[in-house]
Amino acid sequence: MTHSTWTAVVERIEQISEPEFYRQYILPQKPVVITGMMHHWQAMHKWSFEYFSQLRSTQQFAIEQGNVMQNETLFYKQEFGQYITKLSESIDRDTPAIKTKPADVAYLSVFDIFQAFPALKADVDFSLIAAHKLINFIYAWIGPQGTVTGYHADWADNILAQVYGTKRIDLVSPAQDACMYPSAKFEFRTKLSSIDPDHFDRQLYPLFQQAQPFTTTLHPGEMIFIPRGWWHRVESLSRSISINNCGLDLKSILLDESREQVKALLHHLGLYGRECTCHTIQNGKRIRK
Ligand SMILES: O=C(O)CCC(=O)C(=O)O
């Protein structure tokens, strides 16, 4: 990594009540890792690649290749079962330094798992955040070692929960927006950074070296609160199954969601966001994820 040598750790707590979570973390918009509130999740006992491979679905889903936040948007469509079978055969390397070519890292990201498998809804419990929000969006992230979701900031408070495997999370405060160089690439409900810390141009983005990231590793059974507007970069250190809940309160619906919906509409009409994470060009045609 080539940002400043300054790193800080994210606070870790074991348990917290919903009202205290609101008072201590949502209101002040402070990140935190919660280590002991997923024991009762059915997902912790049930979800694995073997379990997923028994779920019946012939539906095709978009599989992302590499870090689409900062690099070229690449994806292909595959049946869930085929993707999971391939993934369950993949092995974690002890030395992630010997990396697979980024575009060969195939990631079932932003996966609308409950639309595909509604019965699984009962396996998770995001009440800690959902109790304080009017609208909640839940997505699963299932992939091999080495996936990278590059620096971006969501227009919503978010809890990312780790069910299987480990992930490294880097966070940068919105107070440091100037160091993060927002890019023009469009992603719905998100602001993307131009910075890929593994390869970035110091001449073009000098302030990134002054960014003060908080770094943490998320283990199975742990979840992290990422407040609205906090930049985050997520890298899987092993095969991994995660699930996140982004929640909107009334203010976010009026300010952020309405603006994002207008942008999305203009984007789909081809009037906004020439570069994006939701379309790719295949055989000269613009294909939607
Ligand atoms: O787990 C990942 O790869 C990314 C998760 C993420 O960006 C999020 O929860 O907002």
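Strand β4 (residues 60-65) and strand β5 pair in the antiparallel sense over five bridges, where strands are DSSP runs of E with at least two residues, numbered from the N terminus, and two strands count as paired if DSSP finds at least two bridges between them. The structure is a predicted model, in which local features need pLDDT of at least 70 and side-chain atom pairs count only at pLDDT 80 or more, while totals for chains, interfaces and linings use all residues. Residues are numbered from 1 along each chain as its sequence is written, and side-chain values use heavy atoms, with hydrogens and water left out.

**Strands and sheet**

- Strands of a sheet pair through backbone hydrogen bonds, either parallel or antiparallel.

**The hairpin of β16 and β17**

- Strand β16 (residues 279-282) and strand β17 (residues 285-288) run antiparallel and are joined by four bridges, with T280 having I287 of β17 as its bridge partner.
- Two residues lie between the strands of this hairpin, and N283 takes a positive phi near 50°.

**Surroundings of the ligand**

- The ligand is surrounded by Y107, W141, T149, H152, D154, N158, L160, K167, H232, V234 and N244, a residue being near a molecule if one of its heavy atoms lies within 4 Å of it.
- By class, this shell has four nonpolar, five polar and two charged residues; Ala, Val, Leu, Ile, Met, Phe, Trp, Tyr, Cys and Pro count as nonpolar, Asp, Glu, Lys and Arg as charged, and the others, Gly among them, as polar.
- The largest share of the shell, three residues, comes from β8.

**Polar contacts and burial of the ligand**

- Oxygen atoms of the ligand lie 2.7 Å from a polar side-chain atom of K167, 3.0 Å from an N or O atom in the side chain of H152 and 3.3 Å from an N or O atom in the side chain of N244, a polar contact here being a pair of N or O atoms within 3.5 Å.
- Taken alone the ligand exposes 290 Å², and the protein buries 99% of that, with accessible areas coming from the Shrake-Rupley method with a 1.4 Å probe.

How values were computed
A polar contact is a pair of N or O atoms within 3.5 Å; within protein, one must be able to donate a hydrogen and the other to accept it, and residues adjacent in sequence count only if both atoms are side-chain atoms.
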